[in-house]
Amino acid sequence: MLTNLNSKEGQEDLRIVEHLDMQKLPESVQQMLSLASTPEEQDIILMATLAAASACVPNLYFRYGPTGKKYYANLQCFILAAAASGKGIANQALEMVRVIDEQYPLLIAGDSTLAAFYKALEERGGCGYLHESEGSVITDIWKTSTANYNTTLRKAAEHEPISRNRVKGASEIKNPRLSMLLTGTFGQYKALVPSVENGYFSRLLTVVIKGTNPFDKRYVSSRGGQSAVPRIIGQKLLRTYEALMNAGEREWSLTDAQKERLGEHLETEYGTLIGLLGDNFHSAVIRMAVQIERMAMVLSATRLEPSVISHQYSAFLCSDADYQTAEIIGNRLLLHLATAYRLIDGDAQSLIPDIKPLDQRKVLFEQMKSEYKLQELISEAKSQGISRATVIRWNDAWQEQGMVSKIEYGHYRKAC
């Protein structure tokens, strides 16, 4: 069952990093991934790194939608996992932000009342990073004001004004830019996202780690210089942060071809999930387009050199490598979000089919022409985050089941 977070069954279906081309990742992201010992830890450190780095990219924005609304890099992510699942490695990403926070305050304590949280965000000009690895701290603080926190975080995710009115006077944060990384259990997650109809559900990146890991004796011995990696990356991010602060607001953009590709995804791969899970999942699918752009912008920003930032005055364009990486991560995160959807909406589980590779297999098969070449199948599968080995195995199964027949080597025809 998907609700059993202590089982590793099905975790392979949710893997993120194993679907990425490591050579296309920015060097700093590759270095952070080197700290992981298991595939689960790789996924955790990847999302923690992106969330933390998103707090270190001030003034960079892109425009989205018919109104050209400005969106900034800030990602908000919740890693939903059982105890002993390796989620503690997310704290490595916090060390990157600490380097910047020593000179430019960014960190906001998770152990804060709503009033203290608002004040800290206000003092930081509406920008900040909230990192909390003990979900119980958040849950205990939020028990009496979960709804207000939920609304505040939802508005920050959209950069909508956050206002408050107190006896001492009213105040407003006009353009909040909050990045966040939380890790915790399902109960703590549901306290923040009580229903799939809640507006924050579709705005919060959710990573589901189902299994626990056996004790790894490598933790007993020294890891050499690896512990210094986050602070070394933090120093590089500090230089990028300062350059972007000095440059003022700068635009970043997908290329026209990438924008067209993103639109196609909304219509095909994402549309399949809406069909399987219903209209309540529609907003999550639509908003993932914004999250993909945000992740692509964060990846791009980790490559920026201060000299380029200060001398280039036209919009920064996304590389194909960073777009493709962000697109694959977004594809995988939708499967994680679908899992969280079923966890929250437990009463309707029997009505909702599992999202497993079998469903992806069906969609992929239907997308292929009546005759296709194996390389075409592999290329299409890769664009959907499906590995080469997996799709070749699927193609072999289609032959065994009589769904396709081989015309010649590497060339196949669907059965009528």
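Two strands are said to pair if DSSP finds at least two bridges between them, where strands (E, at least two residues) and helices (H or I, at least four) are DSSP runs numbered from the N terminus. By that definition, lysine 373 stands opposite histidine 411 in strand E14. The model is predicted, so that local features need pLDDT of at least 70 and side-chain atom pairs count only at pLDDT 80 or more, while totals for chains, interfaces and linings use all residues. Residues are numbered from 1 along each chain as its sequence is written, and side-chain values use heavy atoms, with hydrogens and water left out.

**The open sheet**

- Four strands, in the order E2-E1-E10-E11, form an open sheet with mixed pairing, and its edge strands, E2 (69–72) and E11 (316–317), each pair on one side only.
- Strand E10 (residues 250–253) pairs with E11 in the parallel sense over two bridges, and serine 253 stands opposite leucine 317 in E11.
- Helix H11 (residues 282–301) packs on this sheet, touching strands E1 (60–64), E2 and E10, where contact means heavy atoms within 4.5 Å.
- The direction of H11 makes about 150° with that of E1, given that axes are lines fitted to C-alpha atoms, for helices over the stretch in contact, and angles run from 0 to 180 degrees between N-to-C directions.

**Strands E12, E13 and E14**

- Strand E14 (residues 411–414) pairs in the antiparallel sense with E12 (residues 371–373) over three bridges.
- Strand E13 (residues 404–408) also pairs with E14 in the antiparallel sense, over four bridges, and here serine 405 stands opposite arginine 413.
- The hairpin of E13 and E14 has two residues between the strands, and in it glycine 410 takes a positive phi near 75°.

**Helices H2 and H3**

- Helix H2 (residues 39–54) and helix H3 (residues 91–101) pack at an angle of about 20°, with their axes 8 Å apart.
- That angle makes H2 roughly parallel to H3, a term used for angles under 35 degrees.
- The contact is made by Ile45, Ala48, Thr49, Ala52 and Ala53 of H2, together with Gln92, Ala93, Met96 and Val97 of H3.

**Salt bridges**

- The structure holds 13 salt bridges, each being a side-chain nitrogen of Lys or Arg within 4 Å of a carboxyl oxygen of Asp or Glu.
- In one of them the side chains of arginine 15 and glutamate 40 meet at 3.2 Å, N to O, and this pair links distant parts of the chain, with arginine 15 in the segment before helix H1 (27–33) and glutamate 40 in helix H2, 25 residues apart.

Technical notes:
Angles under 35 degrees count as roughly parallel, over 145 as roughly antiparallel, 65 to 115 as roughly perpendicular and the rest as oblique.
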